[in-house]
Amino acid sequence: MAPVPSFPVKVGHIDDVQELKKIKPSSIPERFVRDMIERPKLATATTPSSCNLNIPVVDLSKISNSQDFHNEIMKLSTSCEEWGFFQVINHGIDLDLLEKMEKISMEFFMLPLEEKQKYPMAPGTVQGYGQAFVFSEDQKLDWCNMFALGVEPHFIRNPKLWPTKPLDFSETVDIYSREIRKLCKNLLKYIAMSLGLNEDIFEEMFGVAVQAVRMNYYPACPRPDLVLGLSPHSDGSALTVLQQGICSSSVGLQILKDNVWVPVQPIPNALVINIGDTIEVLTNGRYKSVEHRAVTHQEKDRLSIVTFYAPSYEIELGPLAELVDENNPCKYKRYNHGEYSMHYVTNKLQGKKTLEFAKIYDN
């Protein structure tokens, strides 16, 4: 079973942000207005620092080329160590499929509210249409509508939440998810190689990997300086694959680098990859899962499609023995991935707090 809370959850009234934009285009309900410390500082002409930083770009076609292999693997290693994020180009996924996935996602979000509400995200769960990670009636809300589905293995799917409209929605999600799954398996091989490990170590360890997809729709917001599209968090997955909008120029994703929020500028046809908590633990902290968030835009709506790829719920995880020695003592305890997943999805998004339970602290 996919993790669900074992306690009753009261979330209070949650406004649908697309409907808010239609009915009260200049109004922001109090539950969306962030405390001063959380509000994003939006880039202006006089904000030079973070805008000049660009996350690394890894060309997967070069990894299969013997001449370029070493340089590209080193770039991948540096990306995972210093950034926890990178963009991949020449990833092998057909661009027509990426476009089709965007198209059916957008078509779903453009359906009437009553149609989308046939697939509700129950309080405290993470599948369906609504807002995930809300656990109280006074919790601040994200300026975002989400539609999330468990994909693999099949037992985590909730068939009642797979929509009948658009007509080709389910088929497209399945084809897309198979291609993203292949990409994740290849990336994990390359990550293992970058660490000097057996290239199949992660696939052999993970069992039947868990995969979920979430579509995020961020309507334009009249006061983007007061809200967040998505609260700061790290991902509980091994890898996360983000499709920002293959033709999008609107920046929404920001990552925390040296205590500065750095915007991730979309590259046409690229996919954004980030390291999740699982890989941080397995690499004993050498490769980092990094806090990230989404901000909104005053004039432009934005769509993103996110795939989460993680080990089977039955797997016991802890730092790999090959990456623990006198100079790099064990930083995390062993734990069951299913228990961690339960811990992750039954808590609000709050930086890297969900990984705290696994850390070993010096006395």
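Pro-166 lies in the loop between β4 and α6, where helices (H or I, at least four residues) and strands (E, at least two) are DSSP runs numbered from the N terminus. The peptide bond joining Lys-165 and Pro-166 is cis, with omega about -10°. Pro-153 is also found in the loop between β4 (145–152) and α6, and a cis peptide bond with omega of about -10° joins Glu-152 to Pro-153.

The structure is a predicted model, in which local features need pLDDT of at least 70, side-chain atom pairs count only at pLDDT 80 or more, and totals for chains, interfaces and linings use all residues. Residues are numbered from 1 along each chain as its sequence is written, and side-chain values use heavy atoms, with hydrogens and water left out. The pLDDT, the predictor's confidence in each residue from 0 to 100, averages 88 over the chain, and 90% of the residues score at least 70. Confidence is highest in α6, at 97, and lowest in helix α9 (residues 337–345), at a mean of 78. Over residues 44–50 pLDDT stays under 50, and the model has 5 contacts for them beyond four places in sequence, a contact being heavy atoms within 4.5 Å. Where pLDDT is low, the predicted coordinates should not be read in detail.

Strand β10 (271–275) has 5 of its 5 residues buried, so β10 is largely enclosed by the rest of the structure; buried means under 20% relative accessible area, exposed over 50%, and partly exposed in between (1.4 Å probe, protein chains only). Leu-271, Ile-273 and Ile-275 cover one side of β10, and Val-272 and Asn-274 the other. Strands β2 and β10 run antiparallel and are joined by 4 bridges, with Phe-86 opposite Ile-273; two strands pair if DSSP finds at least two bridges between them. Strand β7 (residues 239–243) also pairs with β10 in the antiparallel sense, over 4 bridges, and Thr-240 stands opposite Asn-274.

A further group of 4 strands forms an open antiparallel sheet in the order β6-β11-β8-β9. Its edge strands, β6 (230–233) and β9 (260–263), each pair on one side only. Between β6 and β11 (residues 292–294) there are 2 bridges, and Leu-230 faces Ala-294.

Helix α3 (residues 69–83) has 15 residues and should span 21 Å at 1.5 Å a residue, which agrees with the 20 Å between its end C-alpha atoms; the expected span is 1.5 Å times one less than the number of residues. Its buried residues are Glu-72, Ile-73, Leu-76, Ser-77, Ser-79, Cys-80 and Trp-83, and they pack against elements including β2 (85–89), α6 (169–194) and β10. Gly-84 follows α3 and has a positive phi, near 75°.

Beyond four places in sequence, Phe-202 is in contact with residues including Leu-188, Ile-191, Ile-279 and Leu-320.

Positive phi values also occur in residues other than glycine, among them Asn-269, near 70°, and Asn-284, near 55°. Asn-269, in the loop between β9 and β10, is partly exposed, with a relative accessible area of 30%. Asn-284, in the loop between α8 (277–282) and β11, counts as buried at 2% relative accessibility.
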